[in-house]
Every structure is written in C-alpha cells, then in structure tokens.
Amino acid sequence: MILQADLRHLICTLSDALDLVGVDDVGHGKRVGVMAAECGRRAGLAPEEVTFLFDLGMLHDIGVSSTQVHHNIITTFAAPDVQAHCDTGAGLLASFQPLASLAPAVKRHHTPWTRLMEEGIDPALAWQANLVFLVDRVDALAVTHHSQGSPILHAPEIRERIRQHSGTDFNPELVDLFLETSGSEAFWLMLEPRPMNDFIQEVHSQRLGYAASMGDLRQLAEIFSRIVDAKSPFTAEHSLGVAELSRFLARKMELGESSQRKLEIAGLLHDVGKLRVPDEILDKPGQLDWQERQVINTHSFETYQILRHLHGFEEIAQWTAHHHEAPGGGGYPFHLDASLLPLEARILRIADIFQAMVQDRPYRRGLNQTQALAFMTNLSARGLAEPEIVAHLVSCGGEAMAAAHAGVRRDQA
C-alpha cells in the first residue's frame with residue numbers, strides 16, 4: 001500500500017512531538033530552526049540549503065525524551081553529558097532514509113568548534129553542526145530570561161555571551177554571521193509564537209511529497225516509539241510490545257492486512273503524548289495522587305493532537321486517541337463507551353493493558369502467562385474488557401506473551 005506522504009508534515013509532526021518534552025517550555029526546536037534558517041539566508045545560501053538548516057534545527061534534539069534532560073540542556077550553557085542525546089538522535093534519523101541526511105550534523109551539534117577542527121571534520125558538516133550549536137545556545141540563554149519578558153529585552157547580553165565564546169565553542173565566522181543577523185529587532189520578534197508559526201507555514205508550503213509505503217510509515221512510527229520508550233524505565237520496550245500484540249490479535253480476529261499494519265503503527269504511536277508527562281510523575285513507583293493521575297490521563301489526547309493532521313494517519317490518530325476508553329464510558333479522555341468504538345481501538349486497549357501487566361517494571365516483576373490471562377479474564381467478567389477480544393487472547397496465550405515481549409527481543413538483538 002502506497003500513501004502520498006509529505007516530508008514537511010512528517011518533520012513538523014516530529015517537531016511537535018519533541019515540543020511536548022519541554023512541558024511548559026515548548027518550541028525550542030522550532031526557534032532553533034528559525035534562527036538557523038535566518039542565518040543561512042543572511043549567508044546567501046540557496047533556498048534548499050536554508051530549508052535543510054530549518055529542518056536540522058527543528059529535529060536537532062530528537063534524541064531527548066526526558067523532561068529532566070531537556071531542562072538541563074536548556075538551562076545550562078555548558079550542560080554535562082550532552083553527547084548521549086546527540087548520538088541517540090543521529091541514530092534515529094539515520095534509520096529513516098528521508099531524514100538520514102540530518103544525522104551527521106545532529107551527532108555533532110554540541111561539539112565545540114575547536115574540537116571539530118582538531119578532528120578534521122568536513123568543513124560543510126562542521127559549519128552546519130556548529131551553527132545549530134550556536135543558535136541552540138542562543139535559545140538556551142533566551143529561555144532563562146522568559147520570565148523577565150521578551151528575549152528582545154535581553155538581546156544585547158545574549159549577543160555578548162555568544163561573542164565571548166568565539167574561537168572556542170563557536171566558529172568566529174559563524175559568530176560574526178549571527179551578530180549581523182541578530183542585529184535587528186525583527187530577528188528576536190520572529191521567535192515569538194505568532195510570527196514563528198507564520199514562518200513555519202511559509203516553509204511548510206514548500207511541499208516535499210514522496211510515495212511512502214506502509215513499511216516507511218512503520219519505520220517512522222518506530223522512531224516515535226523509541227523516543228517515547230527511552231523516556232523512562234516504566235515505558236522502555238512498551239510501545240513495540242503493544243504494536244506486535246495488536247497486530248497479532250488483529251490477525252487472529254481476521255481483520256484485513258491493511259488494518260493489521262495500521263494497528264501495528266498505532267501501537268507504536270499510542271503513547272507519544274507521554275512525552276509531556278514530567279519524569280517525576282511517570283517514574284513514580286508508588287500510587288499516583290489525583291493531580292498526578294490527571295496529568296497522566298492527558299497523554300492519549302496529546303497523542304491525538306500530534307497525529308490528527310498527518311496525512312495517512314487519520315484512522316490511526318482516532319484509534320490512539322481512544323485506547324483508554326472503557327466499556328460504559330468509564331475511561332478517558334472523552335468518556336466514550338468503548339463498545340461503540342471501532343474494533344481496532346478496542347484491540348489496542350486490550351494489547352496496552354496486557355503488555356503493561358506482563359512487562360517487568362522497576363518496582364515489580366511482570367505477571368506470568370497464567371496470572372496475566374487470569375487478570376484479563378477477570379476484567380472481562382466485570383464488564384471492563386471486551387469478551388470477544390479477551391477470548392482470542394486467552395486462546396493463544398503463549399503466542400500473545402511472545403508478542404507482548406517483542407520490545408525485549410529488539411533491545412537484546
């Protein structure tokens with residue numbers, strides 16, 4: 001099956017997901033992309049090169065899924081241990097051919113200029129990576145002043161701080177380019193939400209469509225799942241297990257091949273909204289209080305908001321949005337009666353519950369096959385899970401267990 005996907009949409013969707021990690025401080029990648037593109041324009045680069053810098057800025061932090069890591073990177077000019085997220089991000093991008101060209105610069109986007117020169121990095125790559133490093137630090141400095149008003153009020157001190165790192169962290173020529181580009185008020189005002197969104201729409205209008213197979217879309221979905229599953233030991237390996245089990249159950253229930261593959265993608269994407277859940281809530285080993293539970297319960301709605309405008313993902317967005325709706329309307333976030341929802345959404349819910357119960361968590365061992373099937377049977381008997389789906393799960397318990405542990409097999413490969 002071929003879908004006419006739009007690479008611009010894919011990039012913006014990934015960026016929107018990454019924005020969630022900032023919780024209250026959203027838009028870091030977009031601001032970095034805008035600044036990098038503006039510097040590229042000032043340098044006289046061709047339009048396609050400017051667009052490349054914008055995409056690079058948008059996705060430079062694709063390796064960050066922890067709110068604590070995001071906070072450290074944003075609030076500390078020389079944050080420690082930054083290379084780990086650079087390596088992770090480069091690996092994710094390299095695994096998806098349409099975005100693979102961004103990987104080398106992402107890998108180097110926190111490498112000081114002096115080290116790039118010592119290592120003999122290709123000059124063009126060094127220029128791209130160091131520009132992103134520079135404007136990334138500009139945004140980090142600007143964020144520290146957000147509570148004190150618009151960054152334009154602090155532009156002189158931000159510019160001076162960057163100047164102080166010329167010849168060490170940053171290429172002196174790039175520092176001069178940045179100082180020239182940022183000398184106007186318009187540069188700083190463009191980083192505010194409304195003009196930034198206008199800028200993004202302008203770039204977005206440059207369509208880069210390509211024929212995407214279901215395999216391509218699954219590969220993209222796995223990038224999302226790896227970002228989510230890396231967020232916490234509580235989410236590690238969860239998404240792939242839900243994806244494998246969802247597709248397995250769909251096949252057992254004789255859904256068509258297209259539905260099976262879409263459901264697998266939905267399983268990979270169903271928890272993208274958890275990127276906005278603070279680490280301390282997601283990692284809490286004990287019972288959540290009411291307020292913490294409300295924060296957790298936002299994640300399926302956030303997932304829907306990320307996916308709903310992505311061409312080809314319309315059904316998938318609906319299924320992921322509803323994967324916590326329960327029979328009788330006792331679920332969340334829409335309180336719909338799950339028995340009235342598409343079968344795929346109901347399968348996804350059962351796969352999510354079963355995988356969570358059998359997966360080892362830092363504070364408990366996962367249930368064994370007998371315990372897990374008994375748990376699901378009990379849910380069905382109490383009217384909290386669809387009997388037909390649970391019956392298929394029980395009838396092939398061993399295979400279901402193997403599918404639910406697919407994430408463990410991936411990490412061991």
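User: What counts as a cavity here, and how many of 30 Å³ or more does a search of the whole structure find?

Analyst: On a 1 Å grid over the protein atoms alone, a cavity is a set of points where a 1.4 Å probe fits but cannot get out, and lining residues have an atom within 4 Å of a point. Grid points are joined across faces, edges and corners, and a volume is the space filled by probe spheres set on the points. The model is predicted: local features need pLDDT of at least 70 and side-chain atom pairs pLDDT 80 or more, while totals for chains, interfaces and linings use all residues. The search of the whole structure finds two cavities of 30 Å³ or more.

User: Which residues line the second largest cavity?

Analyst: The second largest cavity holds about 30 Å³ of space. Residues are numbered from 1 along each chain as its sequence is written. The lining consists of Ile62, Gly63, Val64, Ser65, Thr88, Leu92, Arg226, Ile227 and Ala230.

User: Which helices each supply at least two residues of that lining?

Analyst: Helices (H or I, at least four residues) are DSSP runs, numbered from the N terminus. Those that each supply at least two residues of the lining of the second largest cavity are helix 5 (83-94) and helix 13 (214-229).

User: Which element gives the most to the lining of the largest cavity?

Analyst: The largest cavity, with a volume of about 120 Å³, is lined by 12 residues, and Leu18, His28, Gly29, Asp61 and His70 lie nearest its centre. Two or more lining residues come from helix 1 (7-21) and from helix 2 (28-42). With three residues, the element that gives the most is helix 1.

Definitions and conventions. Side-chain values use heavy atoms; hydrogens and water are left out. On a 1 Å grid over the protein atoms alone, a cavity is a set of points where a 1.4 Å probe fits but cannot get out, and a pocket is an open set with protein on both sides within 12 Å along at least five of seven lines; lining residues have an atom within 4 Å of a point.
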